[in-house]
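Welcome! Take a moment to look over the model below before reading on.

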Amino acid sequence: MKALSEFIKKRISCRTYADRSLEDKVLAELSGYISAAQKGPFGNQPTFKLIHMDNLTPQEWKKLGTYGVIKNARYFLIGTINNTPLAMEDLGYCKEILILKATALGLGTCWLGGTFQASSFAQAAGLREGEILPTVSPIGYPAETKSLTEKIMRRFAGSDHRKPWPELFFANDFATPLTQAQAGKYCDALENLRLAPSASNKQPWRVLLDTAKNTFHFFLERSLQYKMLGIVHLQDIDLGIAMSHFEITARDQGVMGKWQVDPNAPKEKLLDYIVSWRTEN
Ligand SMILES: Cc1cc2nc3c(=O)[nH]c(=O)nc-3n(C[C@H](O)[C@H](O)[C@H](O)COP(=O)(O)O)c2cc1C
């Protein structure tokens with residue numbers, strides 16, 4: 001099997017599905033990944049479940065709404081986690097690995113943090129006290145043509161575009177863009193981070209390389225609009241997804257390092273520091 005990082009460029013949000021169930025072999029492999037124990041870099045342990053719509057009554061089925069955004073999905077991947085510090089980052093990190101494994105199986109997926117009926121999915125997931133279910137994701141074979149809603153959503157979010165390197169990656173201070181030459185063996189890891197999906201394609205991640213300490217500091221530039229809507233946690237999920245793309249690519253290339261929260265990380269107005277990657281080779 002190809003390395004997981006190979007599927008980062010293949011993943012794209014899919015909102016229109018072919019009206020058919022998963023092949024038995026594919027379902028068995030996917031279910032194996034989903035039921036395995038997961039732990040994020042901050043130690044939180046999300047639990048994942050695959051809901052098969054065919055196993056629901058028509059009433060239950062109807063209630064699991066996605067506001068018309070998702071068409072024909074027969075399966076939903078749901079992830080629950082205890083609402084503890086950095087749980088969102090861990091959920092984003094662990095779930096994106098499952099999303100990439102689904103991509104490797106030829107399946108389409110889409111992160112949904114807003115356009116789903118949270119209470120109905122919470123009921124279907126059997127959500128317990130203290131747990132949260134911040135996102136769900138349809139999974140299935142992509143349809144041959146996209147629905148009009150999907151085309152509009154992609155265009156509206158600018159989903160086919162990503163910010164250029166100088167807006168995302170910096171060297172030693174936030175006035176100095178990081179060049180690909182300075183990124184060296186981390187060039188692909190950062191490029192794959194840049195391709196990560198994010199809520200409304202806001203791409204809120206910023207990375208600062210401390211060249212003296214060989215350490216990458218990860219920050220969030222939170223959107224005012226998300227703060228006002230009270231859904232700022234979605235951007236912590238974005239950061240967890242970005243961490244997974246960065247780490248998977250680095251490890252696939254034999255580049256070693258580890259995550260740590262650095263109490264002496266640089267401070268920057270308007271940015272929230274989250275975590276650092278300390279290189280080891
Ligand atoms: C945390 C998160 C929440 C998202 N929520 C939604 C959503 O509620 N509805 C939706 O249609 N897309 C949602 N998306 C998908 C993004 O719009 C999409 O990832 C982005 O536009 C980039 O497009 P791509 O995934 O095709 O690369 C979400 C993505 C993330 C990471």
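## About the model

This is a predicted model, in which local features need pLDDT of at least 70, side-chain atom pairs count only at pLDDT 80 or more, and totals for chains, interfaces and linings use all residues. Residues are numbered from 1 along each chain as its sequence is written.

## Two domains

The protein chain is assigned domain 1 (4-152) and domain 2 (165-279), with bounds from an automatic or database domain assignment. Their centres, taken over C-alpha atoms, are 24 Å apart. Domain 1 brings 20 residues to the contact and domain 2 brings 21; two residues are in contact if their C-beta atoms, placed from the backbone, lie within 7 Å.

## Around the ligand

Where does the ligand shell lie? Both domains give residues to the shell, so it lies between them. The shell has 23 residues, and the closest are W111, G113, G114, S159 and P197; a residue is near if its C-beta atom, placed from the backbone, lies within 6 Å.

Helix α10 (233-252) is one of the elements that give two or more residues, and its four residues are the largest share. Helices (H or I, at least four residues) and strands (E, at least two) are DSSP runs, numbered from the N terminus.

## Paired strands

Strands β7 (residues 205-210) and β8 (residues 215-220) run antiparallel, joined by six bridges; strands pair if DSSP finds at least two bridges between them. R206 stands opposite F219 in β8. The two strands form a hairpin with four residues between them, and N214 in the turn has a positive phi of about 50°.

Strand β8 also pairs with β10 (residues 272-279), antiparallel and over six bridges. Here L220 stands opposite D272 in β10.
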